[in-house]
Amino acid sequence: MEEEKVQVLNDENEQPEQKQQYMTFRCCDEIYGLSLENVNEIIGLGQYTSIPETEDYIMGLINLRGKVIPIVDVRIRFGKEPLEYNDRTSVIVIQLQDEVVGLIVDGIEGVVNIARDEILPPPSVSNLTAQARKYVFGIGREGEEVKLLLDPYKLLHDPQEEQEQAAE
């Protein structure tokens, strides 16, 4: 009797397969994912104010309900040619601690659940540009599809660029 009780307790304490949700989007003919924990909302790309003498991937500032936030073109951040914005172009508003930034992407794919054991380290050799690869922390498998999972901190704060700027 005692043994059965212990077995039941162990079954109840087993952790279910842990899955994390990712907002997926299309950029440069690839599908990328950002942890939903960092995503505040998705908006259409409206009017923005350009900022002179900033990095080329920082497109400008938008006013989002009274809060001014910078917007970054992910395609340009990856070192690709800019694409003309259209009605599918979206802005994913993300938050990292106290920092809120909008990411301009080619289009939204949706939300997916990916189990932790379905996330593999990024391959060192792939058709990804070296620029894009340094922002990818893993490759998530969802069925037969793969999603390139981005580290939002590295996307916004390239440690290599920060070191170069500090050296100057």
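Buried means under 20% relative accessible area, exposed means over 50%, and partly exposed lies in between, with a 1.4 Å probe and protein chains only. The model is predicted, so local features need pLDDT of at least 70 and side-chain atom pairs count only at pLDDT 80 or more, whereas totals for chains, interfaces and linings use all residues. Residues are numbered from 1 along each chain as its sequence is written, and side-chain values use heavy atoms, with hydrogens and water left out.

**Exercise 1.** Determine whether Tyr32 is buried or exposed, and classify its pairing with Phe78.

Solution. Tyr32 has a relative accessible area of 1% and is therefore buried. Rings of Phe, Tyr and Trp (its six-membered ring) pair if their centres lie within 6.5 Å, and planes under 30 degrees apart count as stacked, over 60 as edge-to-face and the rest as tilted. The structure holds three aromatic pairs. In the one formed by Tyr32 and Phe78, the centres are 5.0 Å apart and the planes make 45°, which is tilted.

**Exercise 2.** Classify the pair of Phe78 and Tyr135, and state which parts of the chain it ties together.

Solution. Phe78 is buried, with a relative accessible area of 1%. Its ring centre lies 5.9 Å from that of Tyr135 with the planes at 20°, so this pair is stacked. Because Phe78 belongs to the loop between α2 and β6 and Tyr135 to the loop between α3 (130–133) and β10 (136–142), the pair ties together parts 57 residues apart in sequence; helices (H or I, at least four residues) and strands (E, at least two) are DSSP runs, numbered from the N terminus. Ring pairs link Phe25, Tyr32, Phe78 and Tyr135 into a cluster.
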